Amino acid sequence: MIPRDKLLHFGLGCVWLFAAMVSYWVLVLFGIGPFLAYHTTVFGILYEINQLIRKEGQPDPWDAAATALPGFVAWGVLEALK
């Protein structure tokens, strides 16, 4: 039997692979600003899901939003510099 922890790592790897594939298309189709916003958003969401699964810390959607915010700020700055 495969330990639960290893299955969780495998599952997270599959989710991250999907996120990386989407990331490539976000970069190609929309540019660097949306690419950065996408990455910080996905990271924030996955971090909160990790906390929920592992029962570590206090999962909070506002924490995910705070993690995503720098990517959106960077996107805004890049757009302003065009």
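**A first walk through the model**

Analyst: Start with Ser23, which is buried because its relative accessible area is 4%. Keep in mind that this is a predicted model.

User: Where does Ser23 lie?

Analyst: Ser23 is part of helix H1.

User: And which residues is Ser23 in contact with, leaving aside neighbours within four places in sequence?

Analyst: On that basis Ser23 contacts Phe35, Tyr38 and His39.

User: Which residues make up the largest nonpolar core?

Analyst: That core has 6 residues in all: Ala19, Val26, Phe35, Tyr38, Val42 and Leu46. Helix H1 (4–30) and H2 are the elements that give two or more residues to it. H2 gives the most, with 4 residues.

User: Take Val26 from that list. What does Val26 touch?

Analyst: Not counting residues up to four places away in sequence, Val26 touches Gly31, Pro34, Phe35 and Tyr38. Phe35 and Tyr38 are also members of the core, and both are in contact with Ser23.

User: Let me zoom out. How many helices and strands does the chain have?

Analyst: There are 3 helices and 0 strands. Along the sequence the pattern reads α-α-α.

User: Is the chain more spread out or less spread out than a compact globule?

Analyst: The chain is more spread out than a compact globule, because its radius of gyration is 15 Å, well over the 12 Å that the globule rule gives for 82 residues. Along the principal axes, the C-alpha atoms fill a box of roughly 55 × 25 × 10 Å.

User: What share of the residues count as buried?

Analyst: Of the chain's 82 residues, 20% count as buried.

User: And what about contacts between residues at least 6 apart in sequence: how many join residues at least 24 apart?

Analyst: Among those contacts, 53% join residues at least 24 apart.

User: Switching to charges. How many salt bridges are there?

Analyst: The count comes to 4 salt bridges. In general, side chains of opposite charge can pair when their charged atoms come close.

User: Which residues are linked in a network of salt bridges?

Analyst: The network links Asp5, Lys6, Arg54 and Glu56. Lys6 and Asp5 meet through their side chains, N to O, at 3.4 Å. Asp5 also forms a salt bridge with Arg54, where the closest N and O atoms are 3.4 Å apart. That pair links distant parts of the chain, with Asp5 in helix H1 and Arg54 in helix H2, 49 residues apart. Arg54 in turn meets Glu56 in a salt bridge, again N to O at 3.4 Å.

User: Why does Asp5 count as partly exposed?

Analyst: Asp5 counts as partly exposed because its relative accessibility is 29%.

User: What about Glu48: buried or exposed?

Analyst: Glu48 is buried, yet has no salt bridge. The nearest side chain of opposite charge is Arg54, 13 Å away. Glu48 lies in helix H2, which covers residues 32–54.

User: Then what does the side chain of Glu48 reach?

Analyst: The Glu48 side chain reaches the backbone nitrogen of Asp60 at 2.7 Å.

User: Which residues does Glu48 touch, not counting those up to four places away in sequence?

Analyst: Glu48 touches Gln58, Pro59, Asp60, Asp63 and Ala64.

User: Last one, Lys82. Where is the place of Lys82?

Analyst: Lys82 is in the segment after helix H3 (61–80).

User: Why does Lys82 count as exposed?

Analyst: Lys82 counts as exposed because its relative accessibility is 76%, and the cut-off for exposed is over 50%.

User: How are the C-alpha atoms of Lys82 and Leu29 separated, in what distance?

Analyst: Those C-alpha atoms are separated by 17 Å, and Lys82 and Leu29 are 53 residues apart along the chain.

Conventions: Residues are numbered from 1 along each chain as its sequence is written. This is a predicted model: local features need pLDDT of at least 70, side-chain atom pairs count only at pLDDT 80 or more; totals for chains, interfaces and linings use all residues. Side-chain values use heavy atoms; hydrogens and water are left out. Buried means under 20% relative accessible area, exposed over 50%, partly exposed in between (1.4 Å probe, protein chains only). Lys and Arg count as positive and Asp and Glu as negative; His and the chain ends are not counted. A polar contact is a pair of N or O atoms within 3.5 Å; within protein, one must be able to donate a hydrogen and the other to accept it, and residues adjacent in sequence count only if both atoms are side-chain atoms. Contact means heavy atoms within 4.5 Å. A nonpolar core is a set of buried Ala, Val, Leu, Ile, Met, Phe, Trp, Tyr and Cys residues joined through side-chain atoms within 4.5 Å. The radius of gyration is taken over C-alpha atoms; the globule rule is 2.2 Å times the number of residues to the power 0.38.
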